[in-house]
Structure formats: C-alpha cells, structure tokens
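I opened the model to look up a few residues. My notes follow, in the order I made them.

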Amino acid sequence: MDFTKKRRLALALSGGSVRGLAHIGFLEVLEENNIKIDYIVGTSMGALIGGIYAAGKLNGFKEKILKLSRNKILSLLLSNQIKKGNTDTKEIEKFIKIFIENKKIENLNIGFTAIATDLKTGKEVYLEKGSLLKSISASISIPGIFSRLK
C-alpha cells in the first residue's frame, strides 16, 4: 500500500430532524483531532448541518441553535399554516440565510452535495451546483407539508 498518496475523507450525513443536530458534535470532534474533511454529502438535517459546515459557519449556527427550544426549532420548520397544507420554506430559509448568505455550492471550500427527492419520479436528486440555500431547503422539505418551494 502506497502511503505517500494523500488520503481524502468524504462524509455522508443522514437526516433525523432535531436529532440530526448531533452531526455538529461529530464535526467538532473531527476538527479537534485535525481530521480534514474534503467532501460532505447530506440529506435532510445532514444537508443542513453539512452545508453550513461547508460554508464555514457551523460555530455561529451552533451558538444560535443551542439558544432555541426544541419547539422553536420545530416552529421554524412547521409554520402555523401547517393545518391548511400551506406551509412554505420562508421561515427556515430566513434563519439559514443568516449563516450561509447567498453562497453557491461550487464556491465552497469543501465539496458539498445535498440529496433531495423528485416528487414526480421518486428518484434521488443530487444538488451539486447553484444556491446552497435552495439546495438545503429542497433536502429538508417534507413532502405534503411544504407546499411551496421557489
């Protein structure tokens, strides 16, 4: 085995609603041990945490999110319009944008892919270019609850 070649590390981060915040601690342990991440692939909460990490804003996100109650976090995802099937992504996008601004995936220092589902075909969609915010939003959206994605 040739150990002179540089090893690369890619992470796959899963979903898990509020429990997906555990990804933050995992990423911090990797950093504390000087383990460099080259690429992150995430779905749902894994896309949210992975995207914010790839944008270099995880510390600020962690500080803010830890100050919120579980109910407040859920209310970001599920607005008071949920009973009408009218929930959109405005609130959560507004919150996420504080950290990632208008970053494009292709301009991040760490490679990143968000995974979502095409509701018409049921197939996976790999979001590797374009708006980081819209890619994360597509991945964290819950079919039947989020009726509007722009």
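I started with Lys94, which lies in helix H5 (residues 90–100). Helices here are DSSP runs (H or I, at least four residues), strands likewise (E, at least two), numbered from the N terminus. This is a predicted model: local features need pLDDT of at least 70, side-chain atom pairs count only at pLDDT 80 or more, and totals for chains, interfaces and linings use all residues. Residues are numbered from 1 along each chain as its sequence is written, and side-chain values use heavy atoms, with hydrogens and water left out.

I checked the cover of Lys94. Lys94 counts as exposed because its relative accessibility is 57%. My cut-offs for relative accessible area: buried is under 20%, exposed is over 50%, partly exposed is in between (1.4 Å probe, protein chains only).

I then looked at Glu93, also placed in helix H5. Is Glu93 buried or exposed? Glu93 is buried, at a relative accessible area of 10%. I listed what Glu93 touches, leaving out residues up to four places away in sequence: Leu133, Lys134 and Ser137. Contact means heavy atoms within 4.5 Å.

**The loop with Gly15**

I moved to Gly15, in the loop between strand E1 (10–13) and helix H1 (22–32). Gly15 is partly exposed, with a relative accessible area of 30%. Neighbours within four places aside, I found Gly15 in contact with Thr43, Ser44, Met45 and Gly46. I also took a C-alpha distance: Gly15 and Ile49 are 34 residues apart along the chain, and their C-alpha atoms are separated by 9.8 Å.
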